[in-house]
Amino acid sequence: MSSTELPSVPPANVLPKAVAVRVAEGERLRSVRLPGSTVTVRSRRPARAGLPPALYVHGLSGSSQNWSALMPLLDDVVDNEAVDLPGFGDSPPPDDGNYSITGHARAVIRLLDAERRGPVHLVGNSLGGAVVTRVAAVRPDLVRTLTLVSPALPEIRVQRSAVPTGLLAVPGVAALFTRVSRDWTAEQRVRGVMALCYGDPARVSEEGLRHAVEEMERRQRLPYFWDAMTRSARGIVSAYTVGGQHGLWRQAERVLAPTLLIYGGRDRLVGYRMAQRAARAFRDSRLLTLPDAGHVAMMEYPQTVATAFRELLADTAGSAPAGGARRAAADLHTDENTGG
């Protein structure tokens, strides 16, 4: 990306301190320094010691807060943690500016390796769904089960409502949109995102809307806000064009972990029609379709998603994670766009 498209981003160690990110009751935040990035991890105290770990990965424009409604419903079956991907939530940009699917997957792998939490129950939404699919394919030793909520896997016919998001990847579009939307309030932006992501935006409470607006106001002050969005969108588009063994559908076929797929019938970003293809691609899969849900079922219908996740755990109790050599270095080296 040329320097004329977006403002240059200072190194992470000299970024201005943003307003504190929201932490819900029972949640804790911590910062983890990894090779090439620093990430913020949101966690909850499990109901008892010894529960298997779970890690949640958000989608484009999201953060670990996207899992705050779901995690309390699972405190008694897993040890919950959610990560802010580099450049999102409370995490600063990656040192190398790499926002590709591979770059994000590498950060997740490094987090799990650094904290020795694997194998985990790995959960991803949208962009996060593509990221954790790649993680599960290249590092089966880190994954007990895989849960994908509207995963951003390649579609031949992209929905019209998803086109504006994809256009962020086109050089110059982000800068143009930034100028056009300069006078938009944080609430206007949030309502637009909710209209796109929720099957029924009316399900969002006034308190939920207020918290989302506060978070949008906080993030808009960050100098790398649009940079992270644009380069991650470009990473999704680039991943859609990668073929061969590094293609996301090919990697989905390599996933050994039991997989729960969740698709919303009112999803305006990921086609509902992709549910059956995904069910065929993942070798050990079960499918939950929610006709009234949009793109973020874990936020719209957390109780239903929690029930399905519990059933996945019950069905797979006692199953060991797949072994295999640590192939991350080789398998995560692709010609995919590096987000630079």
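Leaving aside neighbours within four places in sequence, which residues is Phe282 in contact with? Those residues are Thr133, Leu146, Leu148, Leu153, Ala252, Val255, Thr259 and Leu261, where contact means heavy atoms within 4.5 Å. Keep in mind that this is a predicted model, with local features needing pLDDT of at least 70, side-chain atom pairs counting only at pLDDT 80 or more, and totals for chains, interfaces and linings using all residues. Numbering starts from 1 along each chain as its sequence is written, and side-chain values use heavy atoms, leaving out hydrogens and water.

**The core**
- Phe282 turns up again in the largest nonpolar core, which has 87 residues; Phe282 and Tyr56 have the most contacts inside it.
- A core here is a set of buried Ala, Val, Leu, Ile, Met, Phe, Trp, Tyr and Cys residues joined through side-chain atoms within 4.5 Å, with buried meaning under 20% relative accessible area (1.4 Å probe, protein chains only).
- Helix H2 (residues 127-138) supplies the largest share of this core, 8 residues.

**The sheet**
- There's an open sheet of 8 strands in the order S1-S2-S4-S3-S5-S6-S7-S8, and the pairing is mixed.
- Strands pair if DSSP finds at least two bridges between them; helices (H or I, at least four residues) and strands (E, at least two) are DSSP runs, numbered from the N terminus.
- At the edges sit strand S1 (27-34) and strand S8 (285-290), each pairing on one side only.
- From one strand to the next, the twist averages 20°.
- Strand S3 (residues 53-57) and strand S5 (residues 120-125) run parallel, joined by 4 bridges; Leu55 has Leu122 as its bridge partner in S5.

**Helices on the sheet**
- Helix H11 (residues 302-315) lies across S5, strand S6 (143-149), strand S7 (259-264) and S8, at about 165° to S8.
- Angles run from 0 to 180 degrees between N-to-C directions, and axes are lines fitted to C-alpha atoms, for helices over the stretch in contact.

**Helix pairs**
- H1 and H2 pack at about 65°, their axes 9 Å apart.
- On the H1 side the contact uses Ile101, Thr102, His104, Ala105, Val108 and Ile109, and on the H2 side Leu127, Ala130, Val131, Arg134, Val135 and Val138.
- Helix H5 (residues 186-197) and helix H6 (residues 206-220) cross at roughly 115°, with axes coming within 9 Å.
- Among the residues making that contact are Val190 and Met194 of H5, and Leu209 and Val213 of H6.

Note on methods: Buried < 20%, exposed > 50% of the residue type's maximum accessible area, 1.4 Å probe, protein only.
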